[in-house]
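The tour goes from one selection to the next and says what is found at each stop.

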Amino acid sequence: SSDVCSSDLDAIIGATSLAAESLGLGTTVGTLAPAFEADIVAMSGDAVATPANLKKPLFVMKGGRVYKK
């Protein structure tokens, strides 16, 4: 249902941009944008539509280094 998708998206936003803002880091981390530092979890599919995809990352990038599964 759309309520479930909304709450899943809210959880992702809360763990990324809102967390960065609450720590006073919202101008440097928490979103994918030019000049921002980013750690990335790449997955197949849409994490909002299918949150279980978060448990099956294709790779993780941290500090510019790619870690494969």
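**Stop 1: the largest pocket**

The lining of the largest pocket is made up of 10 nonpolar residues, three polar ones and two charged ones. Keep in mind while looking that this is a predicted model. The lining has 15 residues in total. To find the middle of the pocket, select Ile-12, Thr-16, Leu-32, Asp-39 and Val-41, which lie nearest its centre. The volume of this pocket is about 480 Å³.

Which elements give two or more residues to the lining of the largest pocket? They are α1, residues 2-15, and β1. Of the elements, β1 gives the most, with three residues.

**Stop 2: the sheet**

Now show the cartoon and colour the three strands. They form an open sheet in the order β1-β2-β3, with antiparallel pairing. Strands β1 (40-43) and β3 (65-68) are at the edges and have a single partner strand each, so one side of each is left without a neighbour in the sheet. On average, neighbouring strands here are turned by 20 degrees against each other, ignoring direction.

Next, take the strand pairs in turn. β1 and β2 run antiparallel and are joined by four bridges. In this pair, select Ile-40 and look across to Met-61 in β2, which stands opposite. Strand β2, residues 57-62, also pairs with β3 in the antiparallel sense, over four bridges.

**Stop 3: the hairpin turn**

Stay with β2 and β3 and select Gly-63. The hairpin of these strands has two residues between them, and Gly-63 takes a positive phi near 60 degrees.

**Stop 4: two loop residues**

Select Ala-35, in the loop between α2 (17-22) and β1. Most residues other than glycine have a negative phi. Ala-35 is not a glycine, yet its phi is positive, about 75 degrees. Is Ala-35 buried or exposed? Its relative accessibility is 82%, so Ala-35 counts as exposed, the cut-off for exposed being over 50%.

Then move to Asn-53, in the loop between β1 and β2. With a relative accessibility of 13%, Asn-53 counts as buried, because buried means under 20%. Which residues is Asn-53 in contact with, leaving aside its neighbours within four places in sequence? Select Met-43, Ser-44, Gly-45 and Asp-46 to see them.

**Stop 5**

Finish at Ser-7, which is placed in helix α1. Ser-7 counts as partly exposed, at 41% relative accessibility. Ser-7 and Val-48 are 41 residues apart along the chain, and their C-alpha atoms are separated by 8.9 Å.

How values were computed:
Residues numbered from 1 in each chain as written. Predicted model: local features only at pLDDT ≥ 70, side-chain atom pairs only at ≥ 80, totals over all residues. Heavy atoms only, no water. Pairing = 2+ DSSP bridges. Axes fitted to C-alpha atoms, helices over the stretch in contact; angles between N-to-C directions. 1 Å grid on protein atoms, 1.4 Å probe; cavity = no way out; pocket = protein on both sides within 12 Å on 5 of 7 lines; lining within 4 Å. Points joined across faces, edges and corners; volume = space filled by probe spheres on them. Nonpolar A, V, L, I, M, F, W, Y, C, P; charged D, E, K, R; others polar. Buried < 20%, exposed > 50% of the residue type's maximum accessible area, 1.4 Å probe, protein only. Contact = heavy atoms within 4.5 Å.
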